[in-house]
Amino acid sequence: MIIDAHHHFWRLDRGDYGWLTPNLTALHRDFGPLDLDGPMTEAGVAGGIVVQAAPTEVETRYLLDLAARTPKILGVVGWTDFEAPDCADAVAKLAADPRLLGFRPMLQDLAEDDYILGQGATRALRAVEAQGLTFDALVRPRHLPILLGLRERHPDLTIIVDHLAKPNIASDAWRPWADDLQRLAADGRTVCKLSGLLSEAGPEWSRDHLRRYVDLALEAFGCERLMWGSDWPVLLMAGAAYGEWLGMARDLLAQLSASEQAMVFGGTALKIYGVDDPGGEADR
């Protein structure tokens with residue numbers, strides 16, 4: 001059972017994707033469930049988690065509506081304004097939809113690197129914890145020490161690091177990213193997504209170029225706290241097809257046992273996000 005722990009859908013006429021400009025040629029069009037159904041089916045992927053791409057609740061509700069009509073969408077990681085005075089109420093209202101799994105405030109795009117340690121964000125994260133939801137951290141390597149501080153403040157929060165915190169693979173950057181990621185993983189609770197790596201590897205990406213980054217993540221988090229995601233359609237910017245990235249990831253983890261691979265490519269996502277197995281076996 002293969003589960004895609006991280007992909008996106010968007011519709012340009014909704015008008016709240018500030019980052020999605022015409023110069024991003026491969027991405028500047030609508031992407032919906034029908035566009036992904038073929039690649040998923042061909043690759044043997046049973047379903048996936050759709051993740052927000054706009055900092056609005058309107059987009060989150062749009063994704064929840066898609067999820068209600070699309071069996072392969074197992075759940076939604078959405079967005080709400082963590083600084084709003086009524087954030088706790090907003091979290092509770094969105095959480096009333098069982099398809100809402102967690103929140104992602106797009107930290108990489110915010111002016112203050114330590115935003116997530118502020119008073120407003122702290123109140124919001126308490127509300128997220130109270131609802132039993134997850135927190136996806138869209139960060140870059142410079143944010144990893146801040147996530148260490150976040151873990152100290154919220155020891156029970158389910159923190160999921162997107163895209164291995166986006167190491168600069170194209171420049172062969174290693175430290176302090178590797179050291180900081182290992183420190184974060186040492187808490188025994190934080191989870192990491194094996195996704196988005198081709199975007200960070202530049203146009204000359206190769207399997208061998210990615211290998212030590214994947215090996216480090218596997219060593220740090222283990223198969224029970226590492227989950228594969230496509231980051232589709234952003235993946236297309238790297239010139240890779242959906243099944244191509246899945247095949248590469250499987251090759252990079254070929255040394256694992258069948259049961260260990262099953263965790264990375266599905267089991268971890270089902271467990272951490274608390275969603276039902278699309279094969280019919282309930283996880284909650």
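Start by selecting Arg104, Asp136, Asp162 and Lys193: a network of salt bridges links them. A salt bridge here is a side-chain nitrogen of Lys or Arg within 4 Å of a carboxyl oxygen of Asp or Glu. Side chains of opposite charge can pair when their charged atoms come close.

Before moving on, a quick note on what you're looking at. This is a predicted model, where local features need pLDDT of at least 70 and side-chain atom pairs count only at pLDDT 80 or more, while totals for chains, interfaces and linings use all residues. Residues are numbered from 1 along each chain as its sequence is written, and side-chain values use heavy atoms, with hydrogens and water left out.

Now zoom in on Arg104, in the loop between strand 4 and helix 4 (119-130). Helices (H or I, at least four residues) and strands (E, at least two) are DSSP runs, numbered from the N terminus. Is Arg104 buried or exposed? Arg104 has 4% relative accessibility, so it counts as buried (buried is under 20% relative accessible area, exposed over 50%, partly exposed in between, with a 1.4 Å probe and protein chains only). Show what touches Arg104: beyond its neighbours within four places in sequence, its contacts (heavy atoms within 4.5 Å) include His6, Trp79 and His163.

You'll find 8 of them in an open sheet, ordered 1-2-3-4-5-6-7-8, with parallel pairing; two strands pair if DSSP finds at least two bridges between them. At the edges sit strand 1 (2-7) and strand 8 (226-228), each pairing on one side only. For a close look, pick strand 3 (residues 73-78) and strand 4 (residues 100-103), joined by 3 bridges. Val76 stands opposite Leu100 there.

Hop over to helix 6 (residues 177-185), whose buried residues are Trp177, Ala178, Asp180, Leu181, Leu184 and Ala185. Look down the helix 6 axis: these buried residues fall within an arc of 165° (taken from the directions from the helix axis to the C-beta atoms), so they line one face of the helix. They pack against helix 5 (144-153), strand 6 (158-161) and helix 8 (207-221).

Last stop: select Arg140 and Glu200, a salt bridge with its closest N and O atoms 3.9 Å apart. Arg140 is in the loop between strand 5 (134-137) and helix 5, and Glu200 is in helix 7 (residues 197-201), so the pair ties together parts 60 residues apart in sequence. Glu200 is buried, at 15% relative accessible area, while Arg140 is partly exposed at 29%.
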